[in-house]
Amino acid sequence: MTEFLSQWHILGLVVGLATFLIIGIFHPLVIKGYYYFGLRCRPWFAAAGLAFVALSIVLDSLILSILCGVIAFSSFWSILEVTEQAERVRKGWFPAGPAQKREAEKQEVEEAD
């Protein structure tokens with residue numbers, strides 16, 4: 001497949017389009033991950049990043065290796081984005097989810113003790 005894409009000089013376009021789609025997929029993953037799990041979803045993004053780094057190293061296919069690398073670093077970037085999502089929720093730009101409501105209840109109990 002790489003030969004075909006290289007022959008027609010569209011390998012860069014395919015990788016660029018796939019990168020665009022991968023980043024687009026990670027945006028709602030960060031929002032939903034924080035909504036339902038709060039900051040506890042950061043280790044999942046780290047684990048996914050490490051898994052895709054390993055996969056990128058062992059794959060022989062150039063395109064698949066590149067795309068696994070893009071997914072890996074999108075996962076790593078999502079760790080930062082989840083932290084920033086917490087700030088967006090605190091400012092009221094996004095709704096608080098069940099995870100944040102549980103955290104607020106836990107803090108109220110601790111403050112009452």
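Good morning, colleagues. Because the model is predicted, local features need pLDDT of at least 70 and side-chain atom pairs count only at pLDDT 80 or more, while totals for chains, interfaces and linings use all residues. Residues are numbered from 1 along each chain as its sequence is written, and side-chain values use heavy atoms, with hydrogens and water left out.

I begin with helices α2 and α4. Helices here are DSSP runs of H or I with at least four residues, strands are runs of E with at least two, and both are numbered from the N terminus. Helix α2 covers residues 11-37 and helix α4 covers residues 62-90. Their axes come within 8 Å and cross at roughly 30°. An axis is a line fitted to C-alpha atoms, for helices over the stretch in contact, and angles run from 0 to 180 degrees between N-to-C directions. The two helices, α2 and α4, are therefore roughly parallel to each other. As to the terms, angles under 35 degrees count as roughly parallel, over 145 as roughly antiparallel, 65 to 115 as roughly perpendicular, and the rest as oblique.

The crossing of α2 past α4 is right-handed. A crossing is right-handed if the near helix is turned clockwise from the far one by less than a right angle, and left-handed if anticlockwise. By class, the contact of α2 with α4 has 18 nonpolar, five polar and one charged residues. In this scheme Ala, Val, Leu, Ile, Met, Phe, Trp, Tyr, Cys and Pro are nonpolar, Asp, Glu, Lys and Arg are charged, and the others, Gly among them, are polar.

Which residues of α4 does α3 meet? Helix α3 spans residues 42-58, and its axis comes within 8 Å of that of α4, crossing at roughly 165°. Helices α3 and α4 are therefore roughly antiparallel to each other. Here the crossing is left-handed. By class, this contact of α3 with α4 has 13 nonpolar, seven polar and one charged residues. On the α3 side, the residues include Arg42, Phe45, Gly49 and Phe52. They belong to a set that meets α4 residues, among them Ser65, Cys68, Phe76 and Val82.

Is Ile22 buried or exposed? This residue of α2 is buried, with a relative accessible area of 12%. Buried means under 20% relative accessible area, exposed means over 50%, and partly exposed lies in between, with a 1.4 Å probe and protein chains only. Not counting residues up to four places away in sequence, Ile22 touches Leu67, Val70, Ile71 and Ser74. Contact, or touching, means heavy atoms within 4.5 Å. Ile22 and Ile71 are 49 residues apart in sequence and 6.7 Å apart in space, C-alpha to C-alpha.

Two serines come next. Ser78, in α4, is buried at a relative accessible area of 2%. Leaving aside neighbours within four places in sequence, Ser78 is in contact with Phe26, Val30 and Phe45. Ser56 belongs to α3 and counts as buried at 17% relative accessibility. With neighbours within four places again set aside, Ser56 is in contact with Ser65, Cys68 and Gly69.

Ala46 lies in α3, and at 24% relative accessibility Ala46 counts as partly exposed. Beyond four places in sequence, Ala46 touches Phe76 and Ile79. The C-alpha atoms of Ala46 and Phe76 are 5.9 Å apart, although the two are 30 residues apart in sequence. Phe37, in α2, is partly exposed with a relative accessible area of 34%.

Glu81 and Ile31 are 50 residues apart in sequence, yet 8.8 Å apart from C-alpha to C-alpha. Leaving aside neighbours within four places in sequence, Glu81 is in contact with Val30 and Arg88. Thank you for your attention.
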